[in-house]
Amino acid sequence: MSVPLYSPAPATVLHALHGETMGTNWSIRLVASPRADLHALHALIQAELDRVVAEMSTWEADSDISRFNHAAAGDWQDLPEGFFTVLRCALAIAEASGGAFDPTIGSAVGLWGFGAQAGTRKVPTEEARTAIQAGVGWQRLSLDTSHRRLRQPGGVQLDLSAIAKGYAVDAVSAALRASGISAALIEVGGELHGYGRKPDGEHWRVLIESSPEEEEAAGLEPRIAILDNLAVATSGDRWHWYEQDGERYTHTIDPRTGHPVSHANAAVTVLAASAMEADAWATALTVLGADAGLRLAERTGLAARFVIRAGGTLEERASRHFATHLAP
């Protein structure tokens, strides 16, 4: 009996790449040849993320969104394809959510001390809130889909931070597919998309949790989602907030009132076909709260999970569609 002197090299292996973007980190696990040019793949990924920043970051003075926000009333601005795609999705979700999601929220976010245009972190006066709220409203936007351009009605400050990160995940996923990568798990600042299978034939599995210590202490069962060409995004109250006079104010602003949401949601997770949709819907459902949010999720077929603060502990509520994406 002959004994092989070596084992054949595997056709594909799992690679890991990391980087920074949008004030956060990105990480990608991808399936490719052991000899894959990882430097070229890293450059491809970073280029896609840099493009999103150049188009939609309010932190960049010369970005497309910043130019729109500073445009004079009545000016039309041509939109890059990515910006156009995100805005069209944002407006669709704004309408479907009854305004719980609204891309014109920028001025209100800044007024409460969050975002690129943040003022002092303190509760603004009623007069200031009323003045700012006059400029909020997705219906004020005129999007010319035929010519891919947007009209500044005057004083509108777009903020796409609740959807652009998800779009960035989708953009990277599309770029990797186009470059021949058969499977990958893409994560940007907590938003994820997985497609294809790992070298062992298994699907991508991710643990869904907003605060591991809190959820474990509350006795919540760990939830593991299978990402088979699926995305997941989570919106929560533990990342950006401040306290004044015993009240907690989070960075999630209700566009309908111009006030930070006061619901007891610790986190809202949404699973969807695209990370862009999951990202935006997680914010919209956070604004709506568990009762109204779950009713909308059931009506529209959204896979959503709410983790709610109640009586000093956490409780879980989820739509029927959420369970269909969980590992058995």
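When I say that two residues meet or touch, I mean that they have heavy atoms within 4.5 Å of each other. With that settled, hello everyone, and please keep in mind that this is a predicted model.

Let's start with two helices, α1, residues 38–56, and α3, residues 81–96. Which residues of α1 meet α3? On the α1 side they are Arg51, Glu55 and Met56, and on the α3 side their partners are Gly82, Phe83 and Val86.

Angles from 65 to 115 degrees count as roughly perpendicular, so α1 and α3 are roughly perpendicular to each other. For anyone turning the model on screen, the crossing of α1 and α3 is right-handed.

Now stay with α3, as it takes us to a sheet. Helix α3 lies across β4 and β5, and runs at about 130 degrees to β4. Those two strands belong to an open sheet of three, with the order β3-β5-β4 and antiparallel pairing. Which strands are at the edges? They are β3, at 76–78, and β4, at 142–144, each of which pairs on one side only. From one strand to the next, the twist averages 20 degrees.

As a quick reminder, strands of a sheet pair through backbone hydrogen bonds, in either a parallel or an antiparallel way. Here, β4 and β5, the latter covering residues 149–151, run antiparallel and are joined by three bridges.

Arg29 sits in strand β2, residues 24–32. Is Arg29 buried, exposed or in between? Its relative accessibility is 38%, so Arg29 counts as partly exposed. Leaving aside residues up to four places away in sequence, Arg29 touches Leu14, His15, Ala16, Ala183, Ala184, Leu185 and Trp204. Take Ala16 from that list: Arg29 and Ala16 are 13 residues apart in sequence, yet their C-alpha atoms are 4.5 Å apart in space.

The other residue is Thr125, in the loop between α4, 106–111, and α5, 126–133. Thr125 is partly exposed because its relative accessible area is 47%, where exposed would need over 50%. Along the chain, Thr125 and Leu111 are 14 residues apart, and 9.8 Å separates their C-alpha atoms.

How values were computed: Residues are numbered from 1 along each chain as its sequence is written. This is a predicted model: local features need pLDDT of at least 70, side-chain atom pairs count only at pLDDT 80 or more; totals for chains, interfaces and linings use all residues. Side-chain values use heavy atoms; hydrogens and water are left out. Axes are lines fitted to C-alpha atoms, for helices over the stretch in contact, and angles run from 0 to 180 degrees between N-to-C directions. Helices (H or I, at least four residues) and strands (E, at least two) are DSSP runs, numbered from the N terminus. Angles under 35 degrees count as roughly parallel, over 145 as roughly antiparallel, 65 to 115 as roughly perpendicular and the rest as oblique. A crossing is left-handed if the near helix is turned anticlockwise from the far one by less than a right angle, and right-handed if clockwise. Two strands pair if DSSP finds at least two bridges between them. Buried means under 20% relative accessible area, exposed over 50%, partly exposed in between (1.4 Å probe, protein chains only).
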